Amino acid sequence: MNIVNFKKVFHLFTPAYSGKGTLLLLTLIIGLSCSQANKSENVKTADESCSDNLPSKYGVSVQGKQDSLLSSNPSRSVKGMKWIPGGTFLMGAVDKEGRADEYPSHQVKLDGYWMDEREVTNAQFAAFIKATGYKTVAERKPDWEEIKKQLPEGTPKPSDDLLVAASLTFNPPSSPVSLHDASQWWAWTPGADWRHPEGPKSNLKGKDNYPVTQVCWEDANAYAKWAGKRLPTEAEWEYAARGGQKNAIYPWGNEQIESRKPKANTWQGSFPDTNTDWDGFHGLAPTGSFPANGYGLFDMAGNVWEWVSDWYTNDYYDTQKGKTVTNPKGPDKSFDPDEPTVPKK
């Protein structure tokens, strides 16, 4: 772990919280701000910067010049949210344990904002589905015409039996494997979706208070808009995860994650084949199962991955070097040199 990089807590501990046969994909935390910064006509709003260059399959529309920092939904409520006071912090890795895309660290200044205190639950997401009839991406048959836009020219069409509604589920091997091949613990599973997170034979019985999984960025964004909120930026998420602490390693401070009592739902043992379940959970944990951080936010490390609004580029932090950036929204578009044709959040 490094001192200032909460993003790394996610990547090291969340890919494999689930036990055998259990799916783990991504969920979301929703942010809502009470302040709206002054903008010139040349500055993109949050909705615009998050929607530009998105493939048509995502169906995201830009709503004029409204800044999504302030929702226009008159029924919005801050119940179940915590106020995160504005401030300045050092974002990114400062030691030698970060990834290349986590350097250099840079100053970020944020206005205050509201943030959900817990991960979005199955019950909350079910209410959204009931009210809107929305169908998640994992429940839709893939559109080959859209998929091939993200693939090298000339890529052959896969067989029809693969172009079915499906998602990835976590299926750990029985013995240690190379960590360079994620296909050894993730499986493409037809029938896996938010209602059936481990595959078509699984269900959500007794799991209303568990975080929703099997939701992609499009799904998370749709839920947020329905709730009269929005996804936080990466900077807002990282700042909130710190809980008001300066230069702490974890949301709870500097105590090592397996020192004394459990502090988050994480993988203990040998990933991806052996989880000792020291923290009391073999798979996901209900929201709020561990103490909140200094801002009253739960699960800011562990349990599930969470979506933010930003596009991903591998060199974005480098473009912020030596600056103090105010309310950053991330890069204008996505680029990953490992998969240059695939837009990523």
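User: Which residues line the largest cavity?

Analyst: Met 91, His 106, Thr 233, Glu 234, Ala 235, Asp 310, Tyr 316, Pro 328 and Gly 330 line the largest cavity (a cavity is a set of points on a 1 Å grid over the protein atoms alone where a 1.4 Å probe fits but cannot get out, and lining residues have an atom within 4 Å of a point). This is a predicted model, in which local features need pLDDT of at least 70 and side-chain atom pairs count only at pLDDT 80 or more, while totals for chains, interfaces and linings use all residues. Residues are numbered from 1 along each chain as its sequence is written, and side-chain values use heavy atoms, with hydrogens and water left out.

User: What is the volume of the largest cavity?

Analyst: The volume is about 50 Å³, taken as the space filled by probe spheres set on the points, which are joined across faces, edges and corners. A search of the whole structure finds one cavity of 30 Å³ or more.

User: How many helices and strands does the protein chain have?

Analyst: The protein chain has seven helices and twelve strands (DSSP runs numbered from the N terminus: H or I of at least four residues for helices, E of at least two for strands). Of its 345 residues, 51% count as buried (under 20% relative accessible area with a 1.4 Å probe, protein chains only; exposed is over 50%, partly exposed in between).

User: Which residues of helix α3 are buried, and why do they line one face?

Analyst: An α-helix has 3.6 residues a turn, so residues three or four places apart point the same way. In α3 (residues 122-132), the buried residues are Asn 122, Phe 125, Phe 128 and Ile 129. Seen down the helix axis, they fall within an arc of 120 degrees (directions from the axis to the C-beta atoms), so they line one face. Lys 130 and Ala 131, on the other side of α3, are exposed. The cover over the buried residues includes α5 (217-226). Just after α3, Gly 133 takes a positive phi of about 75 degrees.

User: Where is Thr 121 found, and is Thr 121 buried or exposed?

Analyst: Thr 121 is in the loop between β6 (113-116) and α3. Thr 121 is buried, with a relative accessible area of 7%. Leaving aside neighbours within four places in sequence, its contacts (heavy atoms within 4.5 Å) are Asp 208, Asn 209, Tyr 210, Pro 211, Val 212 and Thr 287.

User: In which sense do strand β3 and β6 pair?

Analyst: Two strands pair if DSSP finds at least two bridges between them. Strand β3 (residues 81-84) and β6 pair in the antiparallel sense over four bridges, and Lys 82 has Met 115 of β6 as its bridge partner. Both faces of β6 are covered: Tyr 113 and Met 115 are buried on one side, Trp 114 and Asp 116 on the other.

Terms used
On a 1 Å grid over the protein atoms alone, a cavity is a set of points where a 1.4 Å probe fits but cannot get out, and a pocket is an open set with protein on both sides within 12 Å along at least five of seven lines; lining residues have an atom within 4 Å of a point.
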